[in-house]
Amino acid sequence: MVVKADKVNKWFGPLHVLKDISLEVRKNDVVMIIGPSGSGKSTFLRCVNHLEKINSGIIYVNGHPIGYHVREDRLIEDREKNIARQRAEIGMVFQRFNLFPHMTALENIIEAPLRVRRLPMDQVVADGERLLARVGLAEKRGSYPSQLSGGQQQRVAIARALAMKPSLMLFDEPTSALDPEMIGEVLDVMKELAHEVTMIVVSHEMGFARAASNRVLFMDEGRIIENSTPDQLFDHPQEERTKQFLSKILH
């Protein structure tokens, strides 16, 4: 079990954005989360690596509560050093690429392994070049983000996340900021990764969900409404709210 969420609740002030979310994600699962804007998809993803703090419930990553430890049956927030150590096992790719603008593609990729893992320079450079080749950007090792297209920047961001050798990859609408012709190149990289690394993906890319995921979750108003295989959910949705959403997004 890579991720286990048990009755997770999250409020922003009076707004109850996650309502008793329970979910299990096993090794090499590719789980797609779909749903309307404001349904809590991205908030849940951010809670999985403790970028957002939950108000109740618990999330385990690799068997350990993320962001907390248990003392006398109570959750106590962990020290930042321990949280950072847990986050090092989780790669996250955002809507915006968040690359360091003053660093080349290769320098962006090797920064964390050098500073966080403290691996030797020759090893991280070799790994970085291998990852650039894997995402189809070997020739861009010396290019700065401003010299790359949006799709190329997002592929560098994926390579950067992979450089830490994470056990879990989180993708928060990774193609939503891209021009339509660039979306395919990012999805192709993600499809290659599917089932090699455990992934949770928030996206509206239904073609990717069918082709690469083994489970699709439909969220609405802070709840998981439906959780099934791609074929089942897209072809034979069980819940009326799922049917309404798919009728708008697939036609």
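Buried residues are those with under 20% relative accessible area. The close-up views described below all come from a predicted model.

**Figure 1. Helix α1 and the residue that follows.** Helix α1 covers residues 41-48 and is mostly covered, six of its eight residues being buried. The buried positions are K41, T43, F44, L45, C47 and V48. After the helix comes H50, which has a positive phi, near 65°.

**Figure 2. A salt bridge between R46 and E52.** Side chains of opposite charge can pair when their charged atoms come close. In this view R46 forms a salt bridge with E52, and the closest N and O atoms are 3.6 Å apart. R46 is partly exposed, with a relative accessible area of 26%. E52, at 19% relative accessibility, counts as buried, because the cut-off for burial is under 20%. Across the whole structure, a search finds 17 salt bridges.

Figure 3. The side chains of E80 and R87 meet in a salt bridge, at 3.4 Å from N to O. E80 counts as exposed, at 52% relative accessibility, whereas R87 counts as partly exposed, at 24%. In the other pair, D235 forms a salt bridge with R210, the closest N and O atoms being 2.7 Å apart.

Figure 4. Strands of a sheet pair through backbone hydrogen bonds, either parallel or antiparallel. Here four strands form an open sheet in the order β2-β1-β4-β5, and the pairing is antiparallel. Strands β2 (15-25) and β5 (64-65) stand at the edges with a single partner strand each, so one side of each is left without a neighbour in the sheet. Strand β1 (residues 3-12) pairs with β2 in the antiparallel sense over seven bridges. Within this pairing, F12 has L15 of β2 as its bridge partner.

Figure 5. Helix α5 comprises the 13 residues 150-162. At 1.5 Å a residue, α5 should span 18 Å, and its end C-alpha atoms are 19 Å apart, which agrees. Of the 13 residues of α5, 13 are buried, so the helix is largely enclosed by the rest of the structure.

**Figure 6. The largest pocket and its lining.** About 600 Å³ of space lies in the largest pocket. Its lining consists of 20 residues, of which R87, I90, M92, A112 and M164 lie nearest the centre of the pocket. The elements that give two or more residues to this lining are α2 (80-87), β8 (90-93), α3 (105-115) and α5. Helix α3 gives the most, with four residues. By class, the lining of the largest pocket has 12 nonpolar, four polar and four charged residues.

**Figure 7. The second largest pocket.** The second largest pocket holds about 200 Å³ of space. It is lined by 14 residues, and the closest to its centre are R130, L131, R134, L162 and K165. Helix α4 (residues 121-134) gives the most to this lining, with six residues. The lining of the second largest pocket has eight nonpolar residues, one polar residue and five charged residues.

**Figure 8. The cavity.** The structure holds one cavity of 30 Å³ or more. About 30 Å³ of space lies in the largest cavity. The residues R134, V135, L162, V189, E192 and L193 line this cavity. Three of the lining residues, the largest share, come from helix α6 (residues 180-193). The lining of the largest cavity divides into four nonpolar, no polar and two charged residues.

Notes:
Residues numbered from 1 in each chain as written. Predicted model: local features only at pLDDT ≥ 70, side-chain atom pairs only at ≥ 80, totals over all residues. Heavy atoms only, no water. Buried < 20%, exposed > 50% of the residue type's maximum accessible area, 1.4 Å probe, protein only. Salt bridge = Lys/Arg side-chain N within 4 Å of Asp/Glu carboxyl O. Expected span 1.5 Å × (residues − 1). 1 Å grid on protein atoms, 1.4 Å probe; cavity = no way out; pocket = protein on both sides within 12 Å on 5 of 7 lines; lining within 4 Å. Points joined across faces, edges and corners; volume = space filled by probe spheres on them. Nonpolar A, V, L, I, M, F, W, Y, C, P; charged D, E, K, R; others polar. Pairing = 2+ DSSP bridges.
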